[in-house]
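Here is a friendly tour of the model you have open.

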Amino acid sequence: MPATLDEILLREKLVSPDQLRQAVEHQKMHGGRLGNVLVKLGMIGDDQVTSAMSRLYGIPAVDPLELEIDPAVLKLVPLETALKYQVLPISRVGATLKLAMADPTNVLAMDDIKFMTGYNVDPALASEAAISEAIKRHYGNVEEDERKKEIEDLVSFIDEDQAESLELEAEDDGTLNLAALEKAAEEAPVIRLVNYILTDSVRRGASDIHLEPYEKEYRVRYRIDGLLQHIMSPPLKLRDAIVSRVKIMAKLDIAEKRLPQDGRIMMKMMLNGKKKQIDLRVSILPTLHGEKIVMRLLDKENLRLDMTKLGFEAESLAKFTRAIFKPYGMVLVTGPTGSGKTNTLYSSIAQLNRVDTNIMTAEDPVEFQLPGINQVQMKEQIGLNFAAALRSFLRQDPNVILVGEIRDFETAEIAIKAALTGHLVLSTLHTNDAPSTISRLMNMGIEPFLVATSVHLIAAQRLVRRLCADCKVVDDKNPQVLIDAGFTPAEAKTVKVYKPKGCAACNDRGYKGRVGLYEVMEITDDIRELILVGASTIELKRKAVEQGMITLRRSGLIKAMNGVTSLEEVIRETVL
């Protein structure tokens with residue numbers, strides 16, 4: 001039995017030894033698979049190569065142009081994946097997906113699609129030309145019309161005919177001293193690709209863009225509603241040009257590839273007929289296979305300053321509002337990175353922002369510029385840290401002080417002294433829940449009596465994805481599952497929870513946007529006494545729940561009952 005394609009072609013006299021020799025020489029010079037080279041040189045027909053490969057691998061051959069394919073099956077494999085691997089999903093039976101492939105030996109493609117879809121892959125053989133034509137027919141004319149239209153739509157703001165522009169500003173100056181890289185970065189395809197990525201991320205509602213170099217792939221991912229999603233894999237050869245283009249836009253040093261760099265891009269673009277300003281924080285980090293770029297998108301329009309829309313339960317919001325309107329004391333917001341703490345703090349100072357109030361903030365970095373508020377950007381390299389800024393603030397006659405984060409004893413000590421001397425201090429900490437914040441402050445070295453007298457309220461928060469209102473469906477959970485999640489036995493008998501389905505409005509994700517879960521612990525006299533006697537976090541939590549504190553898990557369960565989010569989201573972000 002012949003072991004290779006050239007052997008079977010020679011044995012069946014489909015090509016001569018001379019023709020095969022010419023094809024191999026051509027393959028060495030220009031690359032490509034042998035069968036495709038023979039077809040390209042006109043030495044053999046496409047159907048003959050497909051038939052020979054079918055016999056060689058023992059895999060049935062199909063003509064995808066003659067098949068009627070269910071649109072639901074096509075949706076299982078994204079267009080980009082079909083183009084990348086030259087495959088076409090043609091049918092699904094049970095847990096098996098039938099896949100027309102130009103190269104049935106491509107195990108990477110089969111593994112990738114199996115992982116992506118959750119189905120076993122059963123390959124069928126088809127010619128590359130037939131698959132390309134079938135992709136055009138079934139997915140639309142992707143190589144020309146669809147791709148061209150999509151790119152033109154996404155980068156239309158740089159089209160002079162439409163009088164839309166891209167304006168760039170920067171905070172960090174750098175020297176651009178690599179002529180070759182600079183030239184590559186200014187090539188039209190690279191500029192269009194970077195503009196495509198920036199504008200596409202805004203249209204999709206992303207919060208972060210990741211440009212990641214690997215040994216054999218360059219990957220672009222967006223963080224949308226808190227989860228990273230793979231968007232595209234540009235050619236690896238464009239890696240350095242893309243990095244240089246972003247560095248030029250952020251006014252960074254394109255010659256420096258060994259050290260991390262941080263910069264900023266201000267971008268104005270047209271979206272749905274309106275001018276939109278986006279601020280991007282750029283972080284560049286050298287990795288094993290090149291420089292990784294992460295860009296955080298800061299969109300003022302996404303900043304919710306109305307506290308009633310953040311996700312607070314009514315009683316929790318009443319406690320929080322009462323605390324921030326006190327003339328002095330400390331209010332702390334806790335949670336992991338990316339849990340929305342900054343948004344909650346900005347919403348708080350927006351409530352307090354009046355002509356008769358002097359508000360000062362120390363932030364690293366300043367994410368949004370708010371009129372009427374004195375915001376200070378930290379610069380560790382010159383000694384301007386939170387502690388130094390706080391000391392200076394106390395000589396600036398402030399009413400309200402916002403400290404971006406309490407990271408050390410020095411910052412905590414000054415913040416507490418400020419809270420005890422007639423100032424309202426708002427800040428954040430990284431703790432898992434509200435009661436454990438007390439222990440964290442004492443572990444930093446703050447005396448229990450200072451914590452008990454200065455802190456008025458602690459709010460812990462998380463972000464969960466909102467269910468799409470257009471397509472959510474009832475999730476028939478076993479009552480025991482609901483009880484295990486935290487519902488009472490009585491609630492488990494009657495409560496309805498919902499799950500995602502997917503529709504056009506949410507891009508088939510089932511979720512659209514995010515909402516906060518809040519645990520608000522008011523420091524009452526009873527809790528102060530517990531702090532003074534050194535009570536544990538468990539004892540503090542028990543007393544706070546007795547006095548009506550809604551825990552993070554309970555806040556999530558309430559939103560699940562109201563159809564705002566799914567039970568899976570609540571379980572993913574909170575603990576009992």
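Among contacts in the protein chain between residues at least 6 apart in sequence, 64% join residues at least 24 apart. Keep in mind as you look around that this is a predicted model. The secondary structure of the chain comes to 24 helices and 19 strands. Of its 576 residues, 46% are buried. The chain exposes about 28,100 Å², and carbon and sulfur atoms supply 50% of that area.

Now pick out helix α16, which covers residues 409-420. This helix has 12 residues and reaches 16 Å from its first C-alpha to its last, close to the 16 Å expected at 1.5 Å a residue. Which residues of α16 are buried? They are Thr 411, Ala 412, Ile 414, Ala 415, Ile 416, Ala 418 and Ala 419. An α-helix has 3.6 residues a turn, so residues three or four places apart point the same way.

The table shows the elements that the buried residues of α16 pack against.

| Partner of α16 | Residues |
|---|---|
| β11 | 329-334 |
| α15 | 386-393 |
| β14 | 400-403 |
| β15 | 424-429 |
| α18 | 448-454 |

Just after α16, have a look at Gly 422, which takes a positive phi of about 95 degrees.

Phe 449, Leu 532 and Val 533 make a nonpolar surface patch of about 330 Å². Of these residues, Leu 532 lies in helix α21, which covers residues 525-532.

How values were computed: Residues numbered from 1 in each chain as written. Predicted model: local features only at pLDDT ≥ 70, side-chain atom pairs only at ≥ 80, totals over all residues. Heavy atoms only, no water. Patch = residues over 30% accessible without salt bridge, like charges linked within 9 Å, V, L, I, M, F, W, Y side chains within 5 Å. Areas by Shrake-Rupley, 256 points an atom, 1.4 Å probe, with all protein chains shown as cover. Salt bridge = Lys/Arg side-chain N within 4 Å of Asp/Glu carboxyl O. Helix = DSSP H or I, 4+ residues; strand = E, 2+ residues; numbered from the N terminus. Expected span 1.5 Å × (residues − 1). Buried < 20%, exposed > 50% of the residue type's maximum accessible area, 1.4 Å probe, protein only. Contact = heavy atoms within 4.5 Å.
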